[in-house]
Amino acid sequence: MKIENVELRRVTMPLVRPFRTSFGQIDHREMTIVRVTTANAEGWAECAAEPQPLYSSEFLDGCDLVIRDHLLPRLRAVGDKLTAEHVAKTLAPVKGHPMSKAVLETAILDAQLKERGVSFGQYLGAVNDTVPSGVSVGIMDSIDGLLDVVGEYLAEGYLRIKLKIEPGWDIEPVRAVRERFGDDILLQVDANTAYSLADARHLALLDPFNLLLIEQPLPEDDILGHANLAKLMTTPICLDESIESARDAAAAIVLGACSIINVKPARVGGFLEARRIHDVAAAHGVPVWCGGMLETGIGRAANVALAGLPNFTLPGDTSASNRYYKQDLTAPFVLQDGCLPVPTAPGIGVDVLPDALADVTTARADIAF
């Protein structure tokens, strides 16, 4: 496949409501959209990195620089033999930067599959036509505000609620949600590395609430800490930031650091590595689910396809478009009986809306191949 041009387009998308985690609060999503053009197709992807290096060491301006100055020259050197399957190996000499690598691999894979008439779901091995949808609820200013928002999402049909937590906002919010909405709703919490092992006794106070899981309670490099925490809690431990590869997943599982894994393709370098993590987890009997990074329809389409694989047995953060944006960059994803459909058209299976994209573009650059 011969790439003719790579476009890097910076966009800013206002969120329908502010979103707060232990890292901070945002009211808009800034991202880089990548378009890869070949003679017969164009491939789209979005970089999941945030403007500041808080979720991970990567940040948006750094990604743009790495893509332009270090990754694209290596891909260009491969010439006409380049395929999505070559991207990870070709870029391996550049240490780290999984989100920068992921956005290129995904855009190239989108173009490649469009040329072949194959959907992401078919290529990755999806076995489901729809995937159950969960929603992530940020840290709120009050318990009453939290209950109102959770009630809205349940009324819309979301099948699982995830509450962001941090020290000082954990036990009581969970208690309030359980008391208001009962024990039957699927409920989990996400700490985004906000605690230490010294907080184990406090975190164990979550055990009586019958949570699906607690996600990434400790720092991402503390695998042994998570293994020890798992012995002190009955709530299952799920790892997110700690898992950057299939090798990481295998090590964490063997060490007993987690019994569930959140798979974010951007965090692990792309969808091919995400599929390997799925396979490793499945071989160990560990369920996975698909996390989210407040994607537009471009990123969500590919994530939904991944979530159609057989070991994605828990509802993911693949929420409907209106959870995030009044105007998406693709036709909106709409919740249907608590699920989203897996796109079946070639590539990511959705078309980018040119006018919507133009309205939120703040800068663009073309890089000829």
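1. By class, 9 nonpolar, 8 polar and 10 charged residues make up the lining of the largest pocket. The model under review is a predicted one.

2. The volume of this largest pocket is about 520 Å³. Its lining comprises 27 residues, and those closest to the pocket centre are Phe19, Thr21, Ile26, Glu50 and Leu294.

3. Several strands contribute to the lining of the largest pocket. Strand 1 (3-21), strand 2 (24-38) and strand 6 (160-164) each provide at least two of the lining residues. Strand 2 gives the most, with 7 residues.

4. The second largest pocket has a volume of about 350 Å³. It is lined by 17 residues, and Ala88, Pro98, Lys101, Val268 and Gly269 lie nearest its centre. Divided by class, this lining has 6 nonpolar, 5 polar and 6 charged residues.

5. Helices take part in lining the second largest pocket: helix 3 (98-116) and helix 10 (271-283) each supply at least two residues.

6. Helix 3 also packs against another helix. The axes of helix 1 (residues 60-78) and helix 3 come within 9 Å and cross at roughly 55°. Helix 1 is therefore oblique to helix 3, and the crossing of the two is right-handed.

7. Which residues bring helix 1 and helix 3 into contact? From helix 1, Cys63, Val66, Ile67, Leu71, Leu72 and Leu75 meet Ser100, Lys101, Val103, Leu104 and Ile108 of helix 3. By class, this contact has 9 nonpolar, 1 polar and 1 charged residues. Lys101 of helix 3 takes part in this contact and is also one of the residues nearest the centre of the second largest pocket.

Notes. Residues are numbered from 1 along each chain as its sequence is written. This is a predicted model: local features need pLDDT of at least 70, side-chain atom pairs count only at pLDDT 80 or more; totals for chains, interfaces and linings use all residues. Side-chain values use heavy atoms; hydrogens and water are left out. On a 1 Å grid over the protein atoms alone, a cavity is a set of points where a 1.4 Å probe fits but cannot get out, and a pocket is an open set with protein on both sides within 12 Å along at least five of seven lines; lining residues have an atom within 4 Å of a point. Grid points are joined across faces, edges and corners, and a volume is the space filled by probe spheres set on the points. Helices (H or I, at least four residues) and strands (E, at least two) are DSSP runs, numbered from the N terminus. Ala, Val, Leu, Ile, Met, Phe, Trp, Tyr, Cys and Pro count as nonpolar, Asp, Glu, Lys and Arg as charged, and the others, Gly among them, as polar. Axes are lines fitted to C-alpha atoms, for helices over the stretch in contact, and angles run from 0 to 180 degrees between N-to-C directions. Angles under 35 degrees count as roughly parallel, over 145 as roughly antiparallel, 65 to 115 as roughly perpendicular and the rest as oblique. A crossing is left-handed if the near helix is turned anticlockwise from the far one by less than a right angle, and right-handed if clockwise. Contact means heavy atoms within 4.5 Å.
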